[in-house]
Amino acid sequence: MHFLRVLLLVGAAQASWFGSDTPPAYTSWSTAELSAWLQAHNIPVPSTPSTTQLQELVRENWSAASAWTYDQYASAQKSFSDIRDSSFDAWDESRLREFLLEQGVVAPSGPREQLLLLAKSKYRAYTDAASSFSSQASSASSSASSAVSNTVVQATATAQRAFNDNRDWVYSSWDDSQLRAYLEDKGVLKTQTQKSRDQLLAMMRETYAAVTNPVYDAWSTSYMKEWLVSHNIIRSDAQYKRDELRGKLASYYYDTSDYAWSTWDDSALRTWLIANNVIKPEAQIARPKLLKLIQDNYTQAPSTFWAAWSDSQLRAWLVDHGYIASDAQLKRDKMVKIADEKYSDASSKTAAYLTWPDARLRAFLREQGVPEDMVPGDRPGLLQETRIRYIQTRTRAEALFARVSAIVNGNVRSAEDAIGHLIDLLRGEGDRARDAGAKKYDQTYKEGERAYREGEKAFEEKKQKAYENVKEKGGKGTEL
């Protein structure tokens, strides 16, 4: 289940749910190793120190130099919220010692200069952690959004089940004699050769289905209907003739390996590459190279991304961000140029849907509940409607990720409690999707439930194993 990727992302970004009582690494270091660590972190080393003295110096600076956990950072926010680096310079020794005690330094001693350096070191560790977690939050949110967005995107890729040779092809209803006659006529089966029906059907898939273009002409009428129903294009109780189903497929069917340029001829490929300054007009390039250049440059071209914005949307964005006046009269080319220079969301500019063929864009919109008579007829319109739904998907993904993060990073007392919260959340999201999707997502939801149950079972097994390992060591499960 794709949502599992989000959970893995959270787990990877934070500390393990099962802690460890292992002492810090420096407790087993030699004098030379301790001295090298202190020097590497710009911490003064006494001229003739003992191992005990060096270990004490490392211990005092260990948490500042090492990466903070999010819990450390959160608990330190109150102490550091009103402090600046220069604040410590005005503090006397008593205030410095009091501050260092609050930060976990046991019996801080030494002259004021040493206390001041240690206090500033603690402050730098806090600001570094703040910067790090801010970056992690942004990156994790983006990655989570992408993961959950891809769940919706890939719905169009996963709805098609495996073919059943006995019912899903137009020739599935043929008797053995008809199958043999066709294969013999094509020269792939010698006369009088003994083959079972399953073997004949397997040969038909290679000889008939694999070479039929478009591929849906080789489908049975029931499979045509099933594909259209699974993509929310027709209702399951609707009655259509084969020719009518074929007409629908002509507008909506796509292969997941198809791109916007897959059906372009060499002239169209060259025209695009020249217009977007990828090649010169006089360049002589074979089709395989043209296709590779298109694939490498298509999402990099401003015209690709901004085609998903109408003139009014483009103007509104520029005005809202203060890049043009509300009464400015600019042509689209000029607005695109300004927007492309200012727009900073790189992930949006390379979104997968930008490369989809028109049929897949249409199918995606129908899957999202857009009525057939509201599906745009031209590519810019299709892109604009798809972009809007991408934004909506990302917003929902970020909200869901925030709720998962709150459970994982929150004050949940045990791993078992955390998993309980997550299961409740997942079930709640499943119920919401099931209620909203009704018949439209029934099959997908059932598959998700099955994957969820398998994942829950696997986790419980691993959790139990972890508890048993802890018991064998005589320890206790670390609370979250």
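Helix α15 (residues 311-320) and helix α16 (residues 332-342) have axes that come within 10 Å and cross at roughly 50°. Axes here are lines fitted to C-alpha atoms, for helices over the stretch in contact, with angles from 0 to 180 degrees between N-to-C directions; helices are DSSP runs of H or I with at least four residues, numbered from the N terminus. α15 and α16 are therefore oblique to each other, a class left over once angles under 35 degrees count as roughly parallel, over 145 as roughly antiparallel and 65 to 115 as roughly perpendicular. The crossing of α15 past α16 is left-handed, the near helix being turned anticlockwise from the far one by less than a right angle. On the α15 side the contact (heavy atoms within 4.5 Å) is made by Asp 311, Leu 314, Arg 315, Trp 317 and Leu 318, and on the α16 side by Arg 332, Met 335, Val 336, Ile 338, Ala 339 and Lys 342. These residues comprise seven nonpolar, no polar and four charged, where Ala, Val, Leu, Ile, Met, Phe, Trp, Tyr, Cys and Pro count as nonpolar, Asp, Glu, Lys and Arg as charged, and the others, Gly among them, as polar.

The model is predicted: local features need pLDDT of at least 70 and side-chain atom pairs 80 or more, while totals for chains, interfaces and linings use all residues. Residues are numbered from 1 along each chain as its sequence is written, and side-chain values use heavy atoms, leaving out hydrogens and water.

Another helix pair is α12 (residues 266-275) and α13 (residues 287-297), whose axes come within 10 Å and cross at roughly 40°. α12 and α13 are therefore also oblique to each other, and α12 passes α13 in a left-handed crossing. α12 contributes Asp 266, Leu 269, Arg 270, Trp 272 and Leu 273 to the contact, and α13 contributes Arg 287, Leu 290, Leu 291, Leu 293, Ile 294 and Asn 297. By class, this contact has seven nonpolar, one polar and three charged residues.

The whole structure holds 17 salt bridges, each a side-chain nitrogen of Lys or Arg within 4 Å of a carboxyl oxygen of Asp or Glu. One of them joins Arg 205 to Asp 165 at 3.0 Å, N to O. Arg 205 lies in helix α9 (residues 197-207) and Asp 165 in the loop between α7 (155-158) and α8 (176-185), 40 residues apart.

The mean pLDDT (the predictor's confidence in each residue, from 0 to 100) is 75, and 62% of residues reach 70 or more. Helix α11 (residues 242-252) has the highest mean, 95, and helix α1 (residues 3-13) the lowest, 44. Over residues 433-449 pLDDT stays under 50, and the model has 12 contacts beyond four places in sequence for them. Where pLDDT is low, the predicted coordinates should not be read in detail.

How values were computed. Helices (H or I, at least four residues) and strands (E, at least two) are DSSP runs, numbered from the N terminus.
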